[in-house]
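Good morning, colleagues. Please look at the model on the screen while I go through its chains, and keep the sequence at hand.

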Amino acid sequence: MNFLTIFARNLKQGPQTEAFPLGPAFTPDRLRGRIEFKAESCEGCRICERVCPANAIRFAKTPDGMTFDCWHNTCVFCGNCEFYCPTDAIHQTNDWDLSHVNADKFDMVEHGLIPNQTCVDCGATALNTAPMVKNAKPPLSTEEVAEVRARCPKCRAKYLKNRKVPA
Amino acid sequence: MSTHNVPETFSIPVGPLHVALEEPMYFKIDVQGETVSHIDINAGHAHRGIEYLTTKRTMYQNVVLTERICSLCSNSHPQTFAMAAEKIAGIEVPERGIYLRTVADEMKRVTSHLFNVALLVHLVGYETYFMHMMQVREIGQDMLESIFGNRQDIGAMCIGGVRYDLDDKSIAYIKGALDKIEAETKDIIKTFKTNGSILRRTKGVGVLTHADAITCGVVGPVARASGVDYDVRREAPYAAYDRLPLVVHSLTDGDVWSRAMVRLEEILTSINLLRVCLRDLPGGPVNINDRPDIPPGQAVTRSEAPRGEVIYYLRTNDTPQPERVKWRVPTFMNWDSLRFMLQDAKIADIAMIVNSIDPCLSCTER
């Protein structure tokens, strides 16, 4: 009798399977899918490279700056990079559709470049990374962050040391 | 027809790749007519060298690696590993993190048990009900996917707490899903108690007596179905289990039906624990929000995975990589008891009896 009830219910409800690819597939907001990298938010701390269990993330120094590469065919979509990133520069979207033809297998890469810049103080060439000022007290204003950002690491430290803290 | 030339005993192979086996396990079975007279168990088909790999990766990478040892207890492994690391480093997990660990643990237990019992129904030959049970489990799988972002490797754990958080919307969603699973599970229990096909195939089959259970040192639902009243969540509480109304179910018959029934009852207990957790969920941070170096030391921790007690041994040194990680998984204790369960069983029941210990070879052979 129990089973007949289920049978009647299933007859009324119709198939439980999803219509994909003819219809949309169930995709929750939190789904851990394709990696997205925002170079302008990156501090260049390279923690994502160190916590990635699959070694899918690689940073490399080039004449233009520092490149970021996340190989989606190596990635295990664990989300460690996003979890440990101090500035939310790396993010997992809920895009799960990573199917591709074999010829494109080396293009399944999220690429980013942190460009070089010339320090406004000393003129040295340094990476234009987001400044590590999360713990600065009192918090920096947007203008101050931009000023810190325009400098090389040494001049950034000097700037923060000489910063006038209002009493 | 003459029977003169037919030998009395045959030796038949079951596995390692067999249509009815859940996992790659090889059995050399001597049969007399249709009755099993001797069993030889041979393992090693799912070895991937993960124990070695853990010593080549940092502690923080290993949380993800241990999660990928097994898909059905993919929460118990990183949790026990993280507990060992926290013990060495003296890290205290925030109160909210402790509760959220329990939530992740129990959600995985619900889906894991439903999967195993569904497979039992499949092996009984009741395909339609198997489909129905897998559909019930799908409610749980959708829940895991919506809360954690993946159906199996939920990635809830980190050293020092959990990686996810719940808001009012997700708590309401979980509660709704639990209501559905609970109603369906109660129906399944009723079916298991009354359905003739299931009862005839599973009652009195693959019996493991209380004495044999003690001899083999079995753990988890296999032990509890043979009257060994033992659950790590009660004996050595971790996470938030010391504050929860945990009921440990045990039966005395030790047959396939009892093991399935223990699992089904545990699903209802897990749902109750989840509801209490969600009700009492304290505020505050979910993890320590830090990535401390783990100092040299060693620790042993244990937890109750869906299949039983899992024990982790961790030894660290001055490097970011652990020096040794060793785990003892429930299946290692449980598969020896198959010799007792399969003795004098019928050939047709072999796959069902093997399934009833819920073997996980990817854990055992890693």
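Predicted model: local features only at pLDDT ≥ 70, side-chain atom pairs only at ≥ 80, totals over all residues.

I begin at the surface, with Leu11(A), which counts as exposed because its relative accessibility is 62%. Here exposed stands for over 50% relative accessible area, buried for under 20%, and partly exposed for what lies in between, with a 1.4 Å probe and protein chains only. Residues are numbered from 1 along each chain as its sequence is written, chains are lettered from A and ligands numbered from 1 in the order in which they are written, and side-chain values use heavy atoms, with hydrogens and water left out.

Leu11(A) is part of helix α1, residues 2-13 of chain A. Helices (H or I, at least four residues) and strands (E, at least two) are DSSP runs, numbered from the N terminus. Together with Leu4(A) and Phe7(A), Leu11(A) makes a nonpolar surface patch of about 340 Å². Patches consist of residues with over 30% relative accessible area and no salt bridge; like charges are joined within 9 Å, and nonpolar side chains (Val, Leu, Ile, Met, Phe, Trp, Tyr) within 5 Å. Accessible areas come from the Shrake-Rupley method with a 1.4 Å probe, and for residues only the protein chains shown count as cover.

I stay with chain A for its domains. Domain 1 covers 28-95 + 104-115, and domain 2 covers 119-167; these bounds come from an automatic or database domain assignment. The C-alpha centres of the two domains of chain A are 25 Å apart. How many residues of domain 1 of chain A are in contact with domain 2 of chain A? There are 12, and they meet nine residues of domain 2 of chain A, where contact means heavy atoms within 4.5 Å.

Thr93(A) sits in the loop between β4 (90-92) and β5 (109-118) of chain A, and at 15% relative accessibility Thr93(A) counts as buried. Neighbours within four places in sequence aside, Thr93(A) is in contact with Leu31(A), Arg32(A), Gly33(A), Arg34(A) and Glu36(A). Asp29(A), by contrast, is exposed at 68% relative accessible area and lies in the loop between α1 and β1 (35-37) of chain A.

I turn to chain B. Its secondary structure comes to 15 helices and eight strands, and its C-alpha atoms fill a box of roughly 80 × 45 × 35 Å along the principal axes. Of its 366 residues, 60% count as buried. Among contacts in chain B with a separation of 6 or more, 71% join residues 24 or more positions apart. The accessible surface of chain B is about 14,000 Å², and carbon and sulfur atoms hold 53% of that.

Where does cover show within chain B? In helix α2 (residues 59-67) of chain B, nine of the nine residues are buried, including Tyr60(B) and Leu65(B). Glu182(B), in helix α6 (residues 168-194) of chain B, is also buried, with a relative accessible area of 18%. Glu182(B) touches Leu268(B), Ile271(B) and Arg275(B), residues up to four places away not being counted.

Finally, salt bridges: a side-chain nitrogen of Lys or Arg within 4 Å of a carboxyl oxygen of Asp or Glu. The count over all chains is 33. In one of them, Arg96(B) pairs with Asp165(B), with the closest N and O atoms 2.9 Å apart. Since Arg96(B) lies in helix α4 (residues 95-124) of chain B and Asp165(B) in the loop between β5 (161-162) and α6 of chain B, the pair ties together parts that are 69 residues apart in sequence. Arg96(B) is buried at 11% relative accessible area, whereas Asp165(B) is partly exposed at 35%.Asp358(B) and Arg307(B) also meet in a salt bridge, at 3.3 Å from N to O. Asp358(B) is buried at 0% relative accessibility, and Arg307(B) is buried at 3%.
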